[in-house]
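Dear colleague,

Please find below the structure that I am handing over to you. I would be grateful if you could look through it before reading the notes that come after it.

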Amino acid sequence: MQQNARGRTRPVFGLGMIALSLLGACSAETGANESDAVGEQSLALVGEPSFTQQKTVLGFEDASAWSVSAGTRAASTDASRGARALAITGADQTVLTSKPIGKLNGVSSKLLLDVKLPASPAWGQVQLYVDSPQSGIYHQWVGLASLQGLSAGQYHTLAFTVSSSLQSLLSQATNVAFKVEVNRPRPTPSAVTLVDRLRFELPAGIPECAENSSIFINVERGPAFSEALLERIQCRLYDMYPVLADRFDRQAPTWLRLLVESHGVAGAGGNLIGFNVNHFSAHPDDLDAFVHEAMHLMQSRYQPGAPGWFIEGGADWVRNEYRTPGTPWAVVPEWRPGIHYRTGEVVGFFNWIDRTYRAGKTPLVEALHFILLERSYTPAMWVELTGVDLDGLWMQYSGGQAPVGVAEGQGVSFYQDPSYVRLGSTLPAGAYDGTLLGSYGVVGDDISSIKVPPGYSVTVYEHDGFEGASETLTGDHPTLSTLNDEISSLVVTKL
Ligand SMILES: [Ca+2]
Ligand SMILES: [Ca+2]
């Protein structure tokens, strides 16, 4: 496994192969003739905890998550962290009350809150309370921080000590609301006070982007690596994994292992994401690869026999959905010779399906994802979701240009794995360069077994353009003694 020319990543580690191990023939499970609506219903994820709630509420990213007892509140982009802070105008005394948070993460001995005042107050204070009637916490006072003399126009961090008894209560509590009570001299009517970033203090060594996160990333250090880049990688995961979990798997692992390695590119499975320091040192603009890998963790519970190309293609589609603008990773927007859905260039295909057959509906990848999680996938699902079978969709997508192989026995069959596992295609007589092989779904440098029926021979070449080492084969070859995973062009001859 290696990076291809476009910088896609493929699972390369031992545990990373979990996702790849799902490769194989589509499941033939029966009784799964479910309608589209089943896949749509499961999207509601009713009753499952949210991965992003605490960060959204306590990070003041959503002004509607807070109410004020006096004055007015609005969202402000003048944030101390994230995209937004809460702006309060027109009150000397007010209580900000949060929506209840289902489950608190990262409870520690100190709560911190950032405030930015319109004027330096001669007196004033902020008092913090928590409330969870459901868990026996009734308007419990946490602490008080003074505002007196704080300079205007810049954020200051207020600290509140959390007693050990309250810590253990909060760790267990459900639906905890926070109350921030502000008292200070009456500001001028238009003066804006900003609050942001209510959070529990993090342990040393944890990046600030982990504030209010529902996940924990344990870094398993390998080769020496830029600490700044390692932090950026962790932050891409702390930012994106909860978003993906809320959308794709509310039961996704919350405790992740990030393994620093020195081979391959990146891989993922279970709760592990591994990556190659050398690749990301050379390509620090490729951090969206961690969105792709994080999606693999959402796919870990797919049914056995889930199509491997869909696992990879789905993770690519998600990566593209959440792409960082300006990064060089590109998708193939429309069909062109040399691509095939089985070999990876499918983001454009999925988007075409959504435009053509699923306008106004859940995107295809998302719908199939939940069907695979529910373990009710069969190839008939393509017809359920679009009205057309998969190969028919691909043919339409290509404008009728995609070549189609012949039936087994009517030409030479090429497989990705030994012992005739993972058929690429069965090809009639002709000369096939790398592009044409790609159009048939035969992956270059990956052929590992070949069936040559009576009356045919095949000459295989190490390089594209019928160059390099070559060998002419007849009969069946469950393994290749030479040129295994090296064939890049070939000629099929009818004798
Ligand atoms: Ca914020
Ligand atoms: Ca192979």
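**Confidence**

Please bear in mind that this is a predicted model. The chain has a mean pLDDT of 90, and 90% of its residues reach 70 or more. Residues 1-46 call for caution, as pLDDT stays under 50 there. For that stretch the model has 116 contacts beyond four places in sequence.

Glu61 has a relative accessibility of 25% and counts as partly exposed. Arg84 also counts as partly exposed, at 35%.

Gln416 sits in strand β16 (residues 412-417) and Asp446 in the loop between α13 (434-439) and β19 (449-452), so the two tie together parts that are 30 residues apart in sequence. Both Gln416 and Asp446 are buried.

Strand β16 also takes part in an open sheet of four strands, in the order β17-β16-β19-β22, with antiparallel pairing. At its edges are β17 (421-427) and β22 (475-477), each of which pairs on one side only. From one strand to the next, the twist averages 15°. Within this sheet, three bridges join β16 and β19 in the antiparallel sense, and Tyr415 stands opposite Ser449 in β19.

**The sheet with β18**

Another open sheet has four strands in the order β18-β23-β20-β21, again with antiparallel pairing. Its edge strands are β18 (430-432) and β21 (467-473); each has a single partner strand, so one side of each is left without a neighbour in the sheet. Neighbouring strands here are turned by 15° against each other on average, direction ignored. β18 runs antiparallel to strand β23 (residues 489-494), and three bridges join the two. In this pairing, Gly430 faces Val492 of β23.

**The hairpin of β7 and β8**

Strand β7 pairs with strand β8 (residues 137-146) in the antiparallel sense over seven bridges. Val126, for instance, has Ala145 of β8 as its bridge partner. The two strands form a hairpin with four residues between them, and Gly136 in the turn has a positive phi of about 75°.

Val130 is located in β7, which spans residues 125-132. With a relative accessible area of 1%, Val130 is under the 20% cut-off and is therefore buried. Beyond its neighbours within four places in sequence, Val130 has contacts that include Ile137, Tyr138, Val142, Leu166, Leu170 and Phe178. Ser98, which is 32 residues from Val130 in sequence, is 9.6 Å away in space, C-alpha to C-alpha.

Four bridges pair β14 with strand β15 (residues 272-276) in the antiparallel sense, and Gly269 stands opposite Leu272 in β15. The hairpin has two residues between its strands, and Gly270 takes a positive phi near 65°.

**Helix α9**

Helix α9 covers residues 347-357, and its buried residues are Val347, Gly348, Phe349, Phe350, Trp352, Ile353 and Asp354. The elements that cover these buried residues include α8 (308-321), α10 (364-373), α11 (380-386) and α12 (390-397).

With kind regards

Notes
Residues are numbered from 1 along each chain as its sequence is written. Chains are lettered from A and ligands numbered from 1 in the order in which they are written. This is a predicted model: local features need pLDDT of at least 70, side-chain atom pairs count only at pLDDT 80 or more; totals for chains, interfaces and linings use all residues. Side-chain values use heavy atoms; hydrogens and water are left out. Buried means under 20% relative accessible area, exposed over 50%, partly exposed in between (1.4 Å probe, protein chains only). Contact means heavy atoms within 4.5 Å. Two strands pair if DSSP finds at least two bridges between them. Axes are lines fitted to C-alpha atoms, for helices over the stretch in contact, and angles run from 0 to 180 degrees between N-to-C directions. pLDDT is the predictor's confidence in each residue, from 0 to 100.
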